[in-house]
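Visitor: I have a model open and would like to talk it through with you. Could you put the sequence and structure up, and then we start with the charged pairs?

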Amino acid sequence: MKIITRLCLMTLMAIATIATPSFAQQKASLAGKVLSAETKHAVAYALVHFPETGLQAITNSEGDFQIKTLATGEHKIQISFLGFENLEKTITLKEGENSLS
């Protein structure tokens with residue numbers, strides 16, 4: 001019997017970059033690490049998805065991911081991996097550095 005473990009974003013940091021033209025939407029990039037809430041071990045090859053934009057990334061073997069070219073503001077993020085409970089959160093990316101704990 002498999003134990004379903006809830007995914008958590010233990011460390012999630014975002015770095016926003018300033019768009020050059022003043023009329024263009026400001027862009028941000030998001031980097032973070034996906035860890036098991038139960039064991040605190042990295043979750044390798046989990047899917048990190050922004051459903052509203054269609055942007056997604058797969059975590060590396062150490063649970064790290066990075067997504068570039070996100071707009072600043074509020075976003076829904078979904079994280080999933082087989083055998084784990086899916087995680088869905090709303091995060092806000094601002095100009096400059098962002099973090100979620």
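Guide: Let us begin with K76 and E88, whose side chains meet in a salt bridge with an N to O distance of 3.7 Å. The pair links distant parts of the chain, since K76 belongs to strand β6 and E88 to strand β8, twelve residues apart. Please keep in mind throughout that this is a predicted model.

Visitor: K76, then: buried, partly exposed or exposed?

Guide: K76 counts as partly exposed, because its relative accessibility is 30%. E88 also falls in the partly exposed class, with a relative accessible area of 47%.

Visitor: How many salt bridges turn up in the whole structure?

Guide: A search of the whole structure finds two.

Visitor: In what order do the strands of the open sheet run?

Guide: Four strands form that open sheet, in the order β4-β3-β6-β8, and their pairing is antiparallel. The edge strands are β4, residues 55-58, and β8, residues 87-93, each of which pairs on one side only. From one strand to the next, the twist averages 25°.

Visitor: Over how many bridges do β6 and β8 pair?

Guide: Strand β6, which covers residues 73-80, pairs with β8 over seven bridges in the antiparallel sense. Within that pairing, H75 of the chain stands opposite I91 in β8. The salt bridge between K76 and E88 joins these two strands as well.

Visitor: What about β2, and which strand does it pair with?

Guide: β2 pairs with strand β5, residues 64-71, in the antiparallel sense over six bridges, and L30 stands opposite I67 in β5. Strand β2 spans residues 27-36, and because seven of its ten residues are buried, the strand is largely enclosed by the rest of the structure.

Visitor: Which residues have the most contacts inside the largest nonpolar core?

Guide: The largest nonpolar core has 16 residues, and those with the most contacts inside it are L30, V48, F50, F65, I67, I77 and I79. Strands β2, β3 (47-50), β5, β6 and β8 each supply at least two residues of this core.

Visitor: Switching to T59, where does it sit, and is it buried or exposed?

Guide: T59 lies in the loop between β4 and β5, and it counts as buried because its relative accessible area is 1%.

Visitor: What does the T59 side chain reach?

Guide: The side chain of T59 reaches the backbone nitrogen of Y45 at 2.8 Å, and a polar atom of that side chain also lies 2.8 Å from the backbone nitrogen of A46. Leaving aside neighbours within four places in sequence, T59 is in contact with V34, V43, A44, Y45, A46, V48, D64 and F65.

Visitor: Last one: which residues does L55 touch?

Guide: L55 is found in strand β4, and, leaving aside neighbours within four places in sequence, L55 is in contact with V48, H49, F50, I67, K68, T69 and L70. At 27% relative accessibility, L55 counts as partly exposed. The C-alpha atoms of L55 and I77, which are 22 residues apart along the chain, are separated by 9.9 Å.

Methods. Residues are numbered from 1 along each chain as its sequence is written. This is a predicted model: local features need pLDDT of at least 70, side-chain atom pairs count only at pLDDT 80 or more; totals for chains, interfaces and linings use all residues. Side-chain values use heavy atoms; hydrogens and water are left out. Two strands pair if DSSP finds at least two bridges between them. Axes are lines fitted to C-alpha atoms, for helices over the stretch in contact, and angles run from 0 to 180 degrees between N-to-C directions. Buried means under 20% relative accessible area, exposed over 50%, partly exposed in between (1.4 Å probe, protein chains only). A polar contact is a pair of N or O atoms within 3.5 Å; within protein, one must be able to donate a hydrogen and the other to accept it, and residues adjacent in sequence count only if both atoms are side-chain atoms. Contact means heavy atoms within 4.5 Å. A nonpolar core is a set of buried Ala, Val, Leu, Ile, Met, Phe, Trp, Tyr and Cys residues joined through side-chain atoms within 4.5 Å. A salt bridge is a side-chain nitrogen of Lys or Arg within 4 Å of a carboxyl oxygen of Asp or Glu.
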